[in-house]
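Hi,

My notes follow below it.

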Amino acid sequence: MRKLLKQTEFYLALVILLLSILITMYNPRFLSAENIFDLLKSFSVMGIMAVGVLFVLILGGTPDVSFTAIAQVAEYVVVIMTLRWGGNILLAFLTASLIGGVLGRLNGCLVNMFRVPTIIITIATSNIFFGLLYVFSQGQVIYVIHPLFRRFSEIRIGNLVSQHGVYFGLSLMPLIWLVVLILGWFVLNYTRMGRDIYAIGGSELAAERVGIPVRRTKLFVFTFVGVLAGIAAVVHAAIVQSAIPNSLVGQELDVIAAVFLGGASVFGGAGTILGTFLGILLLAVVNNGLTLLGVSSYWYNIFVGAVIVISITISAVQRIRQKKTRVKVQVDSEGWRV
Amino acid sequence: MSDFLKLVGIKKSFGGVQALKGIELAVGQNEILCLVGENGSGKSTLIKIISGDLKPDSGELWISGRMYKQLRPIQSLNLGIRVIYQDFALFPNLTVAENIAYSQLVETQDRLVNWREIREIAARAVELVQADLDLNEVVGNLSVANQQMTAICRALTRDTRFLILDEPTSALTKKEIDRLLQVVRDLQAKGIAVMFVSHKLNEVLAIAERVAVLRDGELVATLDREEATNERLVELMSGTRVTYSRYEAKPSNEPPLLEVKDLSKRNCFQDISFSLRRGEILGITGLLGSGRTELALALFGIDPADRGQIVVDHQPIKIRTVKDAIKAGIGYVPEDRLTQGLVLKKSVGENIAAVIIDRLRGWLGLIDNRAWNAAVERWIDELAIRVTSPEVKAQTLSGGNQQRVVLAKWLASLPKILILDNATAGIDVAAKSGIHQIIRRMARQGIGIILISDEIPEVVNNCSRILIMRKGRIAAEVETADVTEAEVQQLVELTEPRGKGEGMVASSL
């Protein structure tokens with residue numbers, strides 16, 4: 001029980017629960033299966049990308065900010081390719097992952113080569129990826145995409161009828177998100193690769209001394225981020241049914257905020273899949289709640305900003321506390337009075 | 001008895017400087033050997049050659065009867081050699097179990113992780129040294145001593161023949177040191193040779209079977225335990241015979257310069273009262289964790305006290321910030337000159353002028369260059385800091401010279417009170433006595449000096465009065481004229497007031 005109280009995940013779940021109760025009191029529609037399914041579906045793109053961000057943050061503190069640009073490129077290219085040559089959804093996922101993986105690996109190579117913080121490298125590559133996309137696409141929006149995306153997005157599990165007589169069910173998108181979460185959880189907790197990522201985040205010097213292949217691990221993480229961005233890209237295309245060159249860029253801060261909220265530390269070495277999931281969920285609940293309560297959605301941006309500040313403060317305070325407890329004076333405290 | 005390790009004619013130089021000049025040293029199969037030497041004597045170079053991190057220029061390493069010209073790190077590990085460095089190289093975010101098992105995980109090259117196996121590996125290692133470690137605790141939450149135990153346990157997960165501990169006691173309390181020494185003896189009983197590298201001579205004398213002394217890259221002596229005495233080792237390490245002369249303050253009836261009454265800070269120190277006269281050198285000593293450094297930080301406003309009174313020159317003052325302390329005429333020379341006392345990348349002149357910069361303003365509030373140069377040169381001269389010019393960067397100086405720069409910085413501000421917190425730690429003996437001379441001179445000029453140190457000879461010989469701190473309180477106060485070093489040592493190490501020790505505290509109060 002005491003351990004539970006120390007965990008970020010516990011408090012997050014508590015906050016989500018309280019918020020949900022609050023929102024439901026004002027607008028009972030919040031707790032309807034239809035709304036929840038919808039919410040999960042629309043946040044699965046961010047959710048998938050968040051797993052990649054979690055890996056980067058565990059590895060070394062500063063976030064990758066280029067994953068939305070990578071997803072954007074992958075989305076646009078795959079939409080054009082399927083329009084021209086057809087194909088199926090599996091092929092779309094494979095191609096997008098491949099494109100994402102290559103671009104992510106490029107980030108990894110640069111990080112290894114220049115040994116500068118991830119955020120600096122990825123601000124640069126993000127601009128390059130996004131810029132190239134604009135140069136080649138001329139910023140053109142593709143409104144009509146291949147019907148395979150529509151067919152994929154219409155697959156539903158369960159067939160329910162809403163109050164208004166509309167058929168609905170659980171979309172496949174949250175399930176893809178779930179698969180990514182489970183995969184991430186398995187890698188982080190049950191593979192050497194995952195433990196190496198935590199170890200490098202804890203102390204890169206110690207990792208090198210103990211014989212962990214630091215550079216190879218970093219390369220893996222950045223490739224993995226790219227692959228997840230590719231998967232998220234296809235999910236996104238299927239949900240929005242179009243390819244808009246700037247529809248994802250700008251969301252990276254929300255994703256990063258969610259991961260920090262889930263317990264990742266600016267100093268690296270910390271963070272869990274469950275926390276990341278709950279972080280995204282909280283953003284989703286707040287976003288949805290504001291809409292249902294009729295509050296301006298600009299408040300959402302303020303919320304995201306506040307979340308980053310608070311999470312960073314918490315990890316900084318924890319670090320200071322840890323440092324202070326090193327050599328303790330055991331005061332003979334008989335008769336202590338203030 | 002056959003030797004585990006034998007070094008023959010090991011030489012190593014860095015860019016023309018001979019760090020090791022032909023070392024001949026043997027370590028028996030389950031012997032505890034201590035290696036002592038001052039900073040820069042070549043201790044760490046020697047360790048790195050044994051661990052395979054450096055290759056010698058010439059010479060031979062014989063390990064278990066086989067000859068090697070040089071070792072690679074992996075070879076050294078496979079031969080059963082483990083080094084535990086001062087920084088432990090642990091993962092603060094992982095559990096004790098995982099930290100201990102990690103090197104074995106890396107070795108097996110398995111792609112998946114078996115948590116039960118990790119716990120078993122860790123439990124076995126912990127059992128070996130009978131350490132009291134919670135396997136599920138995160139290493140970052142452990143005390144330094146337990147972190148060190150974790151590092152030792154990790155070293156023992158693979159077949160270990162020879163364990164090198166590099167300055168293992170520098171951040172441990174007395175109790176923890178005793179525990180460590182016990183573990184080292186247990187390991188010896190299990191057939192593991194140990195090399196204990198330290199500059200703290202009393203620990204060395206407590207555990208060593210033989211003591212090897214390094215000076216300027218040469219092995220100047222290898223003594224058996226019976227032959228090794230504190231004085232002998234100091235003499236061998238420094239190459240000069242150091243005789244301490246005691247300092248006696250002029251008796252004066254002047255009212256005290258500084259009075260501290262019932263100063264307390266939660267979890268740091270409690271009910272501290274003492275006074276300091278002009279021209280007096282007051283010693284404060286105590287074990288690590290006795291609250292001595294915390295007291296200094298409070299007097300200097302870095303971590304202010306919760307309650308109590310501070311009176312300087314009859315003026316009750318509040319010290320909430322460093323600025324308050326400086327305004328009251330208090331200077332502070334910290335132990336860690338590299339991170340706290342000096343801006344290493346700035347010049348010696350800029351470092352010296354740092355505190356008095358406001359007083360060097362001239363026309364329009366701009367820095368008056370002539371006043372600047374005069375002040376800087378005066379203090380370089382006064383403290384005999386060996387530099388070719390004030391423009392030289394502080395990082396290029398030797399430890400002793402660096403600490404002189406820190407002293408100069410504070411003395412330039414013409415303080416009434418100067419606090420030295422373990423200021424001579426890690427400085428060689430000659431430089432140390434040079435700094436003592438400066439302190440004495442300053443005291444004679446009327447500055448009140450508080451000398452905090454864990455080296456008993458240092459306080460006994462330089463101070464006229466000593467406060468001994470224990471568990472955050474002043475446990476005893478002695479006049480140095482009445483006591484010997486051994487008696488003070490005994491007062492310091494007393495962990496619980498009881499028996500014979502109790503009588504002594506009472507009599508000296």
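At what angle do helix α3 (residues 96-108) of chain B and helix α5 (residues 144-156) of chain B pack, and how far apart are their axes? The angle is about 35°, and the axes are 7 Å apart. Axes are lines fitted to C-alpha atoms, for helices over the stretch in contact, and angles run from 0 to 180 degrees between N-to-C directions. In the contact, α3(B) gives B:Val96, B:Asn99, B:Ile100, B:Tyr102 and B:Ser103, while α5(B) gives B:Thr150, B:Cys153 and B:Arg154. (Contact: C-beta atoms, placed from the backbone, within 7 Å.)

Some ground rules. This is a predicted model: local features need pLDDT of at least 70, side-chain atom pairs count only at pLDDT 80 or more, and totals for chains, interfaces and linings use all residues. Residues are numbered from 1 along each chain as its sequence is written, with chains lettered from A and ligands numbered from 1 in the order written. Helices are DSSP runs (H or I, at least four residues), numbered from the N terminus.

Next, the interface. 28 residues of chain A are in contact with 31 residues of chain B. α10 (192-202) and α11 (204-210) of chain A each give two or more residues to chain A's side. α10(A) gives the most, six residues.

Last, α6 (residues 89-114) of chain A. This helix has 26 residues and reaches 38 Å from first C-alpha to last. Its buried residues (20 or more other C-beta atoms within 10 Å of their own) include A:Ala92, A:Ile99, A:Leu103 and A:Val111. They pack against α5 (67-85), α7 (118-137) and α12 (214-240) of chain A. A:Arg115 follows α6(A), with a positive phi near 50°.

Best wishes

Notes: Two residues are in contact if their C-beta atoms, placed from the backbone, lie within 7 Å. The expected span of a helix is 1.5 Å times one less than its number of residues. A residue is buried if 20 or more other C-beta atoms lie within 10 Å of its own, exposed if 12 or fewer, and partly exposed in between; C-beta atoms are placed from the backbone.
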